[in-house]
Amino acid sequence: MKSKLKLEELVQDTRVSRKIYLENEIFMLEMERIFESNWVFLGHESELAAPGDFKTLTIGTQPAIMTRDEHGDIQVLMNRCMHRGSTVCQQERGNSPTFRCWYHGWTYNSKGELIGVPYADGYGAGFDRRKFSLLKAARVEKYRGLVFASLEADVERLTEYLGNAKYYIDLFMDLSPLGEVEARAGEHKYGYDGNWKFQQENGVDGYHPNFVHQAYFEAQGKELGRKVMGLFTGNSECDSKDLANGHSILDMTIKNRHGTRPVRNMLRGSTSQSSGAAYVASMTQRYGEARTAEILGASNVNLAIFPNLLIIGIQLRKTIPVSVTRTAVHLLPTTLKGVPDEINVARLRAHESFYGSAGGGAPDDVEMFNRCSEGLRVKGAEWLELSRGIEREHRDEEGNIVGHITDETPQRAFYRRWRALMCDAAALQPAKPLRAVPSL
Amino acid sequence: MPILSRSDAEDVLYREARILDERRYRDWLEMLADDATYWIPCNGEGSDPNREISLVFDDLKRLRDRVERLESGLAHAQSPPSATRRLISNVHIDDASDNAAAIWSGFILYELRHGRERVFAGRYEHRLQLVEGQWKIRRKKVVLVNNDEVIDNLTFIV
């Protein structure tokens with residue numbers, strides 16, 4: 001008989017076992033202890049603009065429906081008829097005040113209450129339809145339009161969970177002079193034959209771009225390409241940060257004016273002087289000069305929210321585990337409310353240029369996930385090394401652990417949280433305290 | 001005043017299909033007009049690329065970048081490259097006037113890469129323009145049947 005997997009030995013401070021990408025048993029535990037027991041990202045509330053709007057999705061691998069009820073509240077219902085198990089909604093997106101199971105006609109409202117049972121007199125007097133409401137996520141909360149749910153009720157408030165990541169989410173949303181983005185411009189969907197964690201690790205990996213994306217940067221034009229590559233070299237001035245709770249960021253806030261332009265261009269594309277000027281004026285009016293400079297200077301972020309959200313460029317990216325070696329990824333590009341159309345068009349074009357199944361960059365990341373999945377089948381080389389930069393991390397005034405942008409600080413942040421959720425508390429040694437390094 | 005015939009249209013489409021299957025990307029760029037766009041909508045038919053994300057919405061500059069990447073040896077998602085064979089059929093001339101035409105066609109594209117076979121199907125909508133005696137592609141729109149589904153890799157030219 002197979003010996004029991006000891007999770008706490010498979011994920012260590014500076015290395016993780018290949019087994020966590022390959023073993024179905026671990027995947028099943030991840031669904032239970034990570035995706036079904038804590039906050040997971042579902043989508044953006046602008047996807048459900050009107051009452052009755054819905055989209056189907058999964059929480060872990062369980063089918064669910066996110067819908068807006070007639071009071072305007074977002075409901076997260078499990079997509080399973082309480083009669084005999086059929087899904088009650090098959091469309092990916094749509095609008096409907098009710099969900100009808102077409103197997104035997106049971107019908108539910110947008111709160112999940114059973115409102116229709118055909119030939120109801122066939123059930124006995126003791127039949128109580130109130131006991132047959134669709135299952136619901138125990139908790140649904142929003143932050144700046146981002147909708148999260150937890151199937152487990154006993155979790156901290158979302159704002160506490162997001163913690164220091166909120167500052168960066170705010171920067172992303174505040175690119176709009178109205179403080180709001182919309183995710184109604186469609187969705188890119190791609191997948192790969194590998195574990196979901198590859199995508200979450202890679203979205204905040206500042207070590208890979210100059211190799212995986214060299215061709216893209218070079219084709220961007222020599223001057224621009226060189227500047228973008230400069231963000232990810234060994235002597236880059238940019239940071240990576242462990243924001244606690246498994247969240248992390250590549251902080252590309254430019255510390256000198258010289259480097260600012262290409263990053264902003266990557267995010268927004270090129271726009272005419274007049275719309276650029278109108279945009280900056282409306283930003284300044286809303287936020288004041290100092291905050292506007294802060295928002296624009298920090299505008300190209302790679303932010304990971306544990307376990308399944310990445311905010312990169314203009315997009316909200318959701319990592320969707322399908323099986324231990326199959327993953328789907330949905331990208332929701334966002335547009336800014338209250339800006340000239342030209343800016344949003346440029347955002348869409350900039351996004352397409354790099355991302356999606358036919359983009360100039362992201363498919364090369366996906367290729368690496370496929371290659372890793374294949375390579376990790378080698379037995380004997382058990383470990384993936386994640387020690388880069390551990391000797392030079394420090395803690396900043398906000399309490400974040402800060403590494404160089406090319407360091408594996410974000411990946412260590414991810415696995416620290418993974419260990420906390422996956423392993424029995426008794427099996428875990430107290431976390432090794434970070435060396436006391438003074439703040440810079 | 002030349003009016004495009006179906007046989008003329010098929011000549012252009014078949015030549016393009018062969019060039020792309022043979023990965024002669026420079027030759028393909030030669031088939032394009034200076035103001036060409038290559039558009040692959042996402043999530044359905046594609047109504048307004050300025051309001052909705054596309055899989056590809058390239059002008060000639062971007063296409064040149066794309067080809068440069070494909071030929072760089074560093075386009076990892078095309079290393080090894082996709083071997084493709086596309087069959088084009090059901091060709092209709094939707095509109096033909098002096099020196100310009102709109103063509104509708106159906107295609108099936110077989111792709112083999114790294115031991116994995118995939119089949120794409122869809123329709124092409126070409127707009128052609130006669131430029132110095134040659135029919136050039138001004139717009140190529142590709143509506144994939146599966147453009148609202150997960151697509152792992154679409155980094156070859158469709």
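**Close-up views of a predicted two-chain model**

View 1. The domain assignment of chain A gives domain 1 (40–143) and domain 2 (164–427), with bounds that come from an automatic or database domain assignment. This is a predicted model, in which local features need pLDDT of at least 70 and side-chain atom pairs count only at pLDDT 80 or more, while totals for chains, interfaces and linings use all residues. Residues are numbered from 1 along each chain as its sequence is written, and chains are lettered from A and ligands numbered from 1 in the order in which they are written. The C-alpha centres of domain 1 of chain A and domain 2 of chain A are 33 Å apart. Nine residues from domain 1 of chain A and 15 residues from domain 2 of chain A make up the contact, where two residues are in contact if their C-beta atoms, placed from the backbone, lie within 7 Å. On the side of domain 1 of chain A that touches domain 2 of chain A, strand E2 (residues 40–44) of chain A gives the most, with three residues; helices (H or I, at least four residues) and strands (E, at least two) are DSSP runs, numbered from the N terminus.

**View 2. Confidence in the two chains and in the complex.** The pLDDT, which is the predictor's confidence in each residue, from 0 to 100, averages 92 in chain A, where 91% of the residues score at least 70. Over residues 256–263 of chain A, however, the pLDDT is below 50, and this stretch has eleven contacts in the model beyond near neighbours in sequence. Chain B averages a pLDDT of 96, and 99% of its residues score at least 70. For the complex, the predictor gives an ipTM of 0.96 and a pTM of 0.94.

**View 3. The side of chain A that touches chain B.** The contact between the chains takes 30 residues from chain A and 28 residues from chain B. Elements that give two or more residues to the side of chain A include strand E13 (188–192), helix H7 (214–219) and helix H11 (341–354) of chain A. The largest share of this side, six residues, comes from H11(A). By residue class, the side of chain A that touches chain B divides into 15 nonpolar, nine polar and six charged residues; Ala, Val, Leu, Ile, Met, Phe, Trp, Tyr, Cys and Pro count as nonpolar, Asp, Glu, Lys and Arg as charged, and the others, Gly among them, as polar.

View 4. Nine strands of chain A form an open sheet with antiparallel pairing, in the order E13-E19-E18-E17-E16-E15-E14-E23-E22, and two strands pair if DSSP finds at least two bridges between them. E13 and strand E22 (394–395) of chain A stand at the edges, each with a single partner strand, so one side of each is left without a neighbour in the sheet. Within the sheet, strand E15 (residues 248–251) and strand E16 (residues 302–305) of chain A pair in the antiparallel sense over three bridges, and A:Ser248 stands opposite A:Ala304 in E16(A). The peptide bond from A:Phe306 to A:Pro307 is cis, with omega near 0°, and A:Pro307 is found in the loop between E16 and strand E17 (309–312) of chain A.

**View 5. The buried face of helix H2 in chain A.** In helix H2 (residues 24–35) of chain A, the buried residues are A:Ile26, A:Phe27, A:Glu30, A:Ile34 and A:Phe35; a residue is buried if 20 or more other C-beta atoms lie within 10 Å of its own, exposed if 12 or fewer, and partly exposed in between, with C-beta atoms placed from the backbone. Seen down the axis of H2(A), the buried residues fall within an arc of 105°, so they line one face of the helix, the arc being that of the directions from the helix axis to the C-beta atoms. What covers these buried residues includes E2, strand E3 (53–59), strand E18 (315–323) and helix H13 (409–422) of chain A.

View 6. Strand E3 (residues 83–97) and strand E4 (residues 100–113) of chain B pair in the antiparallel sense over twelve bridges, and the bridge partner of B:Ala83 in E4(B) is B:Leu112. B:Gly106 lies in strand E4 of chain B and, leaving aside its neighbours within four places in sequence, is in contact with B:Ser89, B:Asn90 and B:Arg123. B:Asn90, in strand E3 of chain B, has a positive phi of about 55° although it is not a glycine.
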